[in-house]
Amino acid sequence: MGSSKKDLKEFPKPVQQIVGGHLWIAQQGRKPIAAKVLRGFGGASVLEVVEDFDGNTYRAVYTVRFRDVVYVLHCFQKKSLHGIATPHHEIEMIHRRMKLAEEHHRNLKEES
């Protein structure tokens with residue numbers, strides 16, 4: 001959703017490969033070992049993969065709420081100096097993109 005693919009492509013190559021591998025596992029209907037539920041989204045349907053590289057932390061957030069598709073909601077480098085919590089503006093972006101994913105999925109179902 002949104003700029004997620006472009007943002008993922010800006011991660012360092014080793015991070016892209018690892019995160020891409022985790023997303024591929026999710027597309028196969030399995031839960032990657034590195035995936036953790038992102039709280040605040042009403043259950044276990046929004047997950048994140050966190051990868052540390054060269055002193056930086058990268059995150060990819062995706063949803064498996066829809067049985068037949070995985071939507072990558074947001075990819076970003078965590079820059080907050082306030083512990084491991086996901087910054088509020090990033091959570092807001094994820095909420096907005098989740099609504100877009102719901103709408104997109106609803107439209108796909110109506111077309112078929």
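K6, D7 and E10 are linked up in a network of salt bridges, a salt bridge being a side-chain nitrogen of Lys or Arg within 4 Å of a carboxyl oxygen of Asp or Glu. This is a predicted model, where local features need pLDDT of at least 70 and side-chain atom pairs count only at pLDDT 80 or more, while totals for chains, interfaces and linings use all residues. Residues are numbered from 1 along each chain as its sequence is written, and side-chain values use heavy atoms, with hydrogens and water left out.

In the bridge between D7 and K6, the closest N and O atoms are 3.8 Å apart. D7 counts as buried at 15% relative accessibility, whereas K6, at 52%, counts as exposed (buried means under 20% relative accessible area, exposed over 50%, partly exposed in between, with a 1.4 Å probe and protein chains only).

Now to the strands. E48 pairs with R59 in a salt bridge whose closest N and O atoms sit 3.5 Å apart. E48 belongs to strand β2 (residues 46-53) and R59 to strand β3 (residues 56-63), so this pair ties together parts 11 residues apart in sequence. Helices (H or I, at least four residues) and strands (E, at least two) are DSSP runs, numbered from the N terminus. Both E48 and R59 are buried.

Next comes the salt bridge between the side chains of E102 and R65, at 2.6 Å from N to O. This pair links distant parts of the chain, 37 residues apart, with E102 in helix α3 (residues 88-111). E102 is partly exposed, with a relative accessible area of 27%, and R65 also counts as partly exposed, at 34%. Overall, the structure holds four salt bridges.
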